[in-house]
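Trainee: Please pick a single part of this model and go through it closely. I would like one connected account of how that part is packed.

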Amino acid sequence: GPYLRVVRPGSVGAGDLVRVVHRPAHGVRVRHLLAGTEADADGLSALLAQEALAPKVRREASRKLART
C-alpha cells in the first residue's frame, strides 16, 4: 500500500478525498525498507537515485544496500 506523509495537520474522515499527486517509478516498495524484507541492489540503487527522497528513507535504503 501507499506510504503517506502529513503535509498539514488536520482531520481525515471516511469518504474524504485522497489525491495521488506523485507516484515514483523506481519500483521499490515501502515494505523493503520497513518490514525487514530485503530489496535487491538494483531496486535500492534506483530508489537512492531519486532526488525527492526523505532523509530517513535515504539512510535506510543506504544501510540496506550496504548489506546486499
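Mentor: An axis here is a line fitted to C-alpha atoms, for helices over the stretch in contact, and angles run from 0 to 180 degrees between N-to-C directions. The model is predicted. To place the part first, the protein has 3 helices and 0 strands, and from the N terminus its elements run α-α-α. Of its 68 residues, 18% count as buried. Among contacts with a separation of 6 or more, 42% join residues 24 or more positions apart.

The part to look at is the packing of α2 on α3. Two packed helices are described by the angle between their axes and the distance between the axes. Helix α2 covers residues 41-48 and helix α3 covers residues 55-67; they pack at an angle of about 150 degrees, and their axes are 10 Å apart. That angle makes α2 roughly antiparallel to α3, because angles over 145 degrees count as such. The crossing of α2 past α3 is left-handed. On the α2 side, the contact is made by A41, L44, S45, L47 and L48, and on the α3 side by V57, R58, A61, S62, K64 and L65. Sorted by type, the residues of this contact are 7 nonpolar, 2 polar and 2 charged.

Next, burial within α2. The buried residues of this helix are G43, L44, L47 and L48. Viewed down the axis of α2, these residues fall within an arc of 135 degrees, so they line one face of the helix. Of the buried residues, L44, L47 and L48 are also among those of α2 that make the contact with α3.

On the other helix, A61 lies in α3. Its relative accessibility is 0%, so A61 counts as buried; the cut-off for buried is under 20%.

The link between the two helices remains. A52 sits in the loop between α2 and α3. With a relative accessibility of 81%, A52 counts as exposed, because the cut-off for exposed is over 50%. The C-alpha atom of A52 is 9.6 Å from that of P24, a residue 28 positions away along the chain.

Note on methods:
Residues numbered from 1 in each chain as written. Predicted model: local features only at pLDDT ≥ 70, side-chain atom pairs only at ≥ 80, totals over all residues. Heavy atoms only, no water. Helix = DSSP H or I, 4+ residues; strand = E, 2+ residues; numbered from the N terminus. Parallel < 35°, antiparallel > 145°, perpendicular 65-115°, else oblique. Left-handed = near helix turned anticlockwise from the far one by under 90°. Contact = heavy atoms within 4.5 Å. Nonpolar A, V, L, I, M, F, W, Y, C, P; charged D, E, K, R; others polar. Buried < 20%, exposed > 50% of the residue type's maximum accessible area, 1.4 Å probe, protein only. Arc of directions from axis to C-beta.
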